[in-house]
There are 2 protein chains.
Amino acid sequence: MNTSTSTITRAVPVAPSTGALRPLGVDQVAITGGVWGRRQEVNGTATLAHIEHWLEREGWLANFDRAAAGTLPEGRRGREFSDSEVYKYLEAVAWELGRRSDAALEARFRAVVARVAAAQEPDGYVNTRFGRGGQEPRWSNLEWGHELYCIGHLCQAAVARARTAPGADDGLVEIARHAADLVCEVFGPGGDERICGHAEIEVGLAELGRALGEPRYVEQARLFVDRHGAGTLADHEWGRSYYQDDEPLREAAALRGHAVRANYLASGAADVAVESGDSGLLAALDGQWSRTLERRTYVTGGQGSHHQDEAFGDDWELPADRAYSETCAGIASIMFSWRLLLAEGDVRYADLIERTLFNVVETSPSAEGTAFYYANTLHQRVPGEAADPDVVSPRAHSSLRAPWFDVSCCPPNTARTFASLGAYLATTDASGVQLHQYAPAIVRAALDDGREVAFDVATEYPRDGLVRVTVTEASDSPWRLSLRVPAWVDGAARLVVRPAGGELEQVMEAAPGMVSIERAFAPGDVVELALPVTPRFVRPDPRVDAVRGCVVVERGPEVFALESVDLAGTPLEASDFADLRVDPSVGPRAVGDAGVEVEAVDERRGERAAVPLVRYHEWAERGPSTMRVWVPVVGA
Amino acid sequence: MNTSTSTITRAVPVAPSTGALRPLGVDQVAITGGVWGRRQEVNGTATLAHIEHWLEREGWLANFDRAAAGTLPEGRRGREFSDSEVYKYLEAVAWELGRRSDAALEARFRAVVARVAAAQEPDGYVNTRFGRGGQEPRWSNLEWGHELYCIGHLCQAAVARARTAPGADDGLVEIARHAADLVCEVFGPGGDERICGHAEIEVGLAELGRALGEPRYVEQARLFVDRHGAGTLADHEWGRSYYQDDEPLREAAALRGHAVRANYLASGAADVAVESGDSGLLAALDGQWSRTLERRTYVTGGQGSHHQDEAFGDDWELPADRAYSETCAGIASIMFSWRLLLAEGDVRYADLIERTLFNVVETSPSAEGTAFYYANTLHQRVPGEAADPDVVSPRAHSSLRAPWFDVSCCPPNTARTFASLGAYLATTDASGVQLHQYAPAIVRAALDDGREVAFDVATEYPRDGLVRVTVTEASDSPWRLSLRVPAWVDGAARLVVRPAGGELEQVMEAAPGMVSIERAFAPGDVVELALPVTPRFVRPDPRVDAVRGCVVVERGPEVFALESVDLAGTPLEASDFADLRVDPSVGPRAVGDAGVEVEAVDERRGERAAVPLVRYHEWAERGPSTMRVWVPVVGA
């Protein structure tokens, strides 16, 4: 492992003190357009306000006011973890304010922080659901109470604020510090030796410790990580694997149990492993990541096969039509992958991040950013009911995007991810800059030796595979620009260097992995990566029973789907959706503006037609429909 | 529909006043050996005592004592529906006592009835979970409280007692009558217009009305049936379809929602339809039965695709490895099919009953009858943990049979089914006797015109396909003996009549359906049905995604499975179970004593071997293992 240390404070969600790569902050990478630029704009202009509206409307913000007024438990609303949605909202706003200044948003942020501050007890405890007369005592239900989970999200919000507005006087960082101190006191050495039923405190404390230079927090995170598997939480219908308390984390073969819990825990454990130099733990996590990707991850990057316990299934248990693939699990998987990428530098992690971003995280919100999928099925057999934009959905598996849920973890989770997305695009190491994700962007980085470099990225990716990097600022000495050639590339990618000074163009072919150019770049130098984005069929691993005899169509990083609305006007319009097959000897064909079509067949009725596919993340944008990502081939 | 009416009281679970066929009681059909004879013996000698032991140990019986003593809610144990397990136990014992006399068992029965009687309130209400100070009020939580459900099971227990011990002075019938009167008062015309979240009161009241000649109960059952779909119960995460309150029963296309609830409701609705001559409702139920069989039923006869809500999935959604196929749903399906068989006489219903008996109901209990499956998966990817015979399982989906569950509906449900199984073998109509299920038995029947006939059945079924009926008592005039030729028969069945008087043998070929002989039978006349029981591959409907490219092996009515323990000593012993395929060009072969083997292949390792299959209902009897019913074919 090629590592070096850094103590520079950056506006990043994750700032390891050591590792193969160092992250760039949201103040260093500005996304300027494209899919993610539009998504960030919608997130900032519509989603954040939507979330605050629903937090207020559902009374989850008012719970803090009631706590401050001393009137709880009367009138408390929401589930036991509703406080955490407020913290995720604050985190999202903090990232948004780190990305662009907005006085009105800053004022809203401070107003919410003040309401949280007023609810904090003198000893640092903050939770609207426990600890008062008429409520269950503090820490009395660690299995299901989510108290530490909520504090973990509070810590992550404070981390975002500390790194994007250092020295700000709103008080959020102090609230988190006070709560974290209490956690260390209660759960530290010699104290309560249990864990939280929903991992999150680990990642929250580890990062808060990094952000504030407080090793006690990192150490407390390590204690929580190591206590998993001791069976301190009660057994129940789904088993202790549900909360990763069945076996020690370093002995597990793959991620297991509740998919969000598993990925949050793995993320915190990766932080702890890096900070404590625990290469054994890091290797164990890496092995779990690999096995989970191979055997327990959907083609979309989605994770979690069970509706019942929102959990991973056994190896190869990946049903398409009962895919749970919770939005939050996709986000948590990105958190885990990103930490391994920073620690180890392996391009595989960025590959999975890309797949998950385009096919899970981008699938959840509607184009308007005001309705969301909680679960992301890969097969819709019956058209769902249209969700009412004014009604809370009791159904996590709603087949149409809903504005809010009884359990509404996913909307604010997407918001904090989109607001901080710039920080996941590029990194630096001793040799230069690595570009992991492609979007129109302005990148400014300080290399290890202090040199400042900058470049613009222009691309229509993923509709077009051409990524053009134009250097805008460089020193006289050489540095290395590395670009990821995704694992999905079938055939050769082509890298072209066009020096500004009229030197000869340099052309090279590149296979999946990292392709690098090292030179004394000059402003105006252009590096172009051309990735082939022709549509392709992908066949499943033969051990995945659920999709045997099926293919999926991909184009670039995007997964496509067959949606019933696209049969209108074709000879297959009257077909039963369950009878449709695809003829793999024809196509898939590129059509129109970056579209894809396949030859679909109804063997029962003897009909066939060319049918356009929909980008999976855009399905159900045209009303209730049936849909399938994996389509059986003729004769299967 | 060929119908006639009957008012004769028989020892039967279902006694319609009209219908195509009339049932014979447990006092008229005695199973004398074979699979079901052994199972009845184990049930009577081991399972009933096992159940009473656990009801006592878990405090579910003591709840009634606490109610009588006025000390509830303190010390109440068990879930909100635990009373119903006591009633199902009483029903099972009543059937057992109807089948054979047993003074000790009779005394135990009376002792439990006395404890229930002491808990009944003066107005007839009986439930240990609701209605007292410190408990929720009566009828305050119809969605989840199961109060009417419990009374429904009380009614079914009373029906069993009324029909097997008419005039007995234990008091069970009076308890049920008193409770049923209260239900009619509270929920009758002009009263509370809601329904119970778990159907059962319908079938309980309808049958109690028939047994006691009380049309008010049947009418109340009709009211409950008709109220489904009015949305009187609250919506929730899984939707009102969970308790069949989303649309009127007569408008539904198929069974939907919770699979036990759906089948109990359909059973009660069938009773109501028959009693009220509602041919429209009966036709709707018949259509739902057909569509459910075609699209929502496992090859085992199992029903229920979802673990989360124990519910049917959409059409064709039949995952093997997350099959829920609750034991109780199989039993409830048999209840529904039996009612349609009596009403309409169609052999299809008996076909499904046979498939479900052999592959769901018989799968649940261990050979010793003291451990049970709650869910019956069709694919076990990872060996389960061995269940502790002394510990209550919190896991409905335990992969090894457990002695008892937190929700322990299945053990007593199997017990009442096995104890009354004789009543499901044969029926009469105006023309004679129909034999639907094959087991060694002594059958005695009164024909409509009063003639008494009797015959013995000798068979090794299903290990052997020969069924020999020997007439032991007959009148001089002709009557018709009909035997079911199951739908699984591939090729011709052969029927031979060997008259006792030395007349010429009569031989005929028979296709699936009913085959009949009408003659003036004489004692000693023999009728032999030879059913071909050669093993066969069965391919799935191409619309079932989960098992595309797979085959299942059946032999007679039994489904077979590939179980990992059978790989020991073969070249495939070291194979990953997920890599195994079957070569459909070879076999399946009959081996040994009614065994079956297939040619299994590991394409990855280039190995192949003949491997014996296990009867699905006998899997996991040799310790933790992996297993699959549907096996992929080579190259799929």
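Helices (H or I, at least four residues) and strands (E, at least two) are DSSP runs, numbered from the N terminus. By that convention, helix α11(B) is followed by Gly345(B), whose phi is positive, near 80 degrees. The model is a predicted one, in which local features need pLDDT of at least 70 and side-chain atom pairs count only at pLDDT 80 or more, whereas totals for chains, interfaces and linings use all residues. Residues are numbered from 1 along each chain as its sequence is written, while chains are lettered from A and ligands numbered from 1 in the order in which they are written.

**Chain A as a whole**

- Chain A contains 13 helices and 25 strands, and its radius of gyration, 24 Å, is close to the 26 Å that the globule rule gives for 636 residues, so the chain is as compact as a globular protein of that length. The radius is taken over C-alpha atoms, and the globule rule is 2.2 Å times the number of residues to the power 0.38.
- The C-alpha trace of chain A spans about 70 × 65 × 50 Å along its principal axes.
- Of the 636 residues in chain A, 58% are buried; a residue is buried if 20 or more other C-beta atoms lie within 10 Å of its own, exposed if 12 or fewer, and partly exposed in between, with C-beta atoms placed from the backbone.
- Among the contacts in chain A with a separation of 6 or more, 67% are made by residues 24 or more positions apart, a contact being a pair of residues whose C-beta atoms, placed from the backbone, lie within 7 Å.

**Relation between the copies**

- In chain B, an open sheet of seven strands runs in the order β4-β8-β9-β10-β15-β12-β13 with antiparallel pairing, where two strands pair if DSSP finds at least two bridges between them.
- Its edge strands are β4 (29-31) and β13 (506-510) of chain B, each of which pairs on one side only.
- Strands β12 (residues 493-498) and β15 (residues 526-530) of chain B are antiparallel partners over five bridges, and Val496(B) stands opposite Glu528(B) in β15(B).
- In chain A, β12 (residues 493-498) pairs with β13 (residues 506-510) in the antiparallel sense over five bridges, with Val496(A) opposite Val507(A) in β13(A).
- Five bridges also join β12(A) to the antiparallel strand β15 (residues 526-530) of chain A, where Ala530(A) is the bridge partner of Arg494(A).

**Five-stranded sheet**

- Chain B also has an open sheet of five strands, ordered β3-β6-β7-β11-β14, with mixed pairing. Strands β3 (22-23) and β14 (513-519) of chain B stand at its edges with a single partner strand each, so one side of each is left without a neighbour in the sheet.
- Strand β6 (residues 426-429) is joined to the antiparallel strand β7 (residues 432-435) of chain B by four bridges, and Thr427(B) lies opposite Gln434(B) in β7(B).

**Helix α11 of chain B**

Technical notes:
Contact = placed C-beta atoms within 7 Å.
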